[in-house]
Amino acid sequence: MKALRWHGVKDLRVEQIEEPKALPGKVKIKVEWCGICGSDLHEYTAGPIFIPADKPHPITGEQAPVVMGHEFSGQVVEVGEGVTRLQKGDRVVVEPIFNCGKCTACRQGKYNLCDKMGFLGLAGGGGGFSEYVAADEHIVHKIPDTVSYEQGALVEPSAVALYAVRQSKLKVGDKAVVFGAGPIGLLVIEALKASGASEIYAVELSAERSAKATELGAQVINPKEVHDVVEEIHRLTDGGADVVFEVTGVPPVLEQALEAVRIGGELMIVSIFEKEAPIQPNKIVMQERTISGIIGYRDVFPAVISLMEKGYFPADKLVTKRIKLDDVIEQGFEGLLKEKSQVKILVKAE
């Protein structure tokens, strides 16, 4: 089958590899759509970050080259021995987290914090930038007929956003600010709407992404158009936001995001940073602010799918480009680097 594999920084290759099999406990899925994630882009430009390059991953036993893609939907075409919850023809999405099941975090049910945690499509195990994926039954979730395959490809990134909001201190009626209206930032806006935020502000430079944020219901603050972003946020929110979400991964923005938090409020870091980001601890201490962070998600896929049935996280507003697997490098990865107007690019292997 055809698949996109990571060989090194700026070295992705669409190659012919062997189709996976539905081994015991697994189902074979024909991939319908797979989204390009910010994490995929980081691996392309600055990896390896999550990809095991020098030695095999402790759970998958694989190392580069690995098939990429972890935001995908598809249909079950084959069921392995011992699988009871799924059957051929089921429409599904995959929660692509590998965990050991034995470490302290796993024993506490916090499988996304596993000592050996890895992502399908990054740590091995196949990936959605391919024609087929074989996945363990317990990480596969059914989607209803009312949720399209395109919508299904957004379940994984939407889970990151919903998990970030659920793990924050946000309460119904609170005011929130999202720094960065890229794909995850826009999904955080949706999650904030679903969670009852009374005011949502987005800090974003891109005109196209600002338009998307506005369309989703946020009030946009363009750093080029205001004298001081932090001062403007304090003016609009009467003293700072209850919760600020940092979704850019840009070190100077982290300091701004912290200063935008009200007294006793919270900064929730959603980004993965490629470089160190220094902050002044007194800005936490003197205002009794809290800084929190999340990685991935846990136990939220069913909630995301239910919210999608109610119209949240709409694919028609978030997907800006659809391409074939053969074009994924130039039009997908390079396209995202060159075209800041792109939000979510979906890829189909055909």
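This is a predicted model: local features need pLDDT of at least 70, side-chain atom pairs count only at pLDDT 80 or more; totals for chains, interfaces and linings use all residues.
Strand S2 spans residues 11–16 and contains glutamate 15. At a relative accessibility of 18%, glutamate 15 counts as buried, because the cut-off for burial is under 20%. The side chain of glutamate 15 makes two listed polar contacts, one with the side chain of arginine 5 at 2.6 Å and one with the side chain of histidine 7 at 3.1 Å. When residues up to four places away in sequence are left out, glutamate 15 touches Met1, Lys2, Ala3, Arg5 and His7.

Strand S5 (residues 71–79) pairs with two strands described here. Strand S3 (residues 26–35) runs antiparallel to S5, and eight bridges join the two. Within this pairing, valine 31 has glycine 74 of S5 as its bridge partner. S5 is also joined to strand S6 (residues 91–94), again in the antiparallel sense, by three bridges. Here serine 73 lies opposite valine 93 of S6.

The loop that runs between helix H1 (38–46) and strand S4 (66–67) includes proline 58. Proline 58 has a relative accessible area of 57% and is therefore exposed.

No disulfides are found in a search of the whole structure. The cysteine sulfur closest to that of cysteine 103 belongs to cysteine 106; the distance is 3.7 Å, which is too far for a bond, because the two sulfur atoms of a disulfide must lie within 2.5 Å. Cysteine 114 likewise takes part in no disulfide, the nearest cysteine sulfur being that of cysteine 100, 3.6 Å away. Both residues are buried: the relative accessibility is 8% for cysteine 103 and 6% for cysteine 114.

A further set of strands pairs in the parallel sense. Strand S11 (residues 175–179) runs parallel to strand S12, with five bridges between them, and lysine 175 stands opposite glutamate 199 of S12. Together with helix H5, strands S11 and S12 form a right-handed β-α-β unit. S12 is in turn joined to strand S13 (residues 219–221) by three bridges, also in the parallel sense. In this pairing valine 203 is placed opposite isoleucine 221 of S13. The chain passes from S12 to S13 by way of helix H6 (residues 207–215), and this β-α-β crossover is right-handed. S12 itself, comprising residues 199–203, is mostly covered, with four of its five residues buried.

Helix H10 (residues 301–309) has five named buried residues, Phe301, Val304, Ile305, Leu307 and Met308. These residues cover an arc of only 160° around the axis and therefore lie on the same side of H10. In an α-helix there are 3.6 residues a turn, so residues three or four places apart point the same way. The buried residues of H10 pack against several elements: strand S6, strand S10 (140–142), helix H3 (149–152), helix H4 (155–167) and helix H5 (183–194). After H10 comes glycine 311, which has a positive phi near 105°.

Definitions and conventions
Residues are numbered from 1 along each chain as its sequence is written. Side-chain values use heavy atoms; hydrogens and water are left out. Two strands pair if DSSP finds at least two bridges between them. Buried means under 20% relative accessible area, exposed over 50%, partly exposed in between (1.4 Å probe, protein chains only). The arc is that of the directions from the helix axis to the C-beta atoms. Contact means heavy atoms within 4.5 Å. A crossover is right-handed if, with the strands pointing away from the viewer, the path from the first strand over the helix to the second runs clockwise. A polar contact is a pair of N or O atoms within 3.5 Å; within protein, one must be able to donate a hydrogen and the other to accept it, and residues adjacent in sequence count only if both atoms are side-chain atoms.
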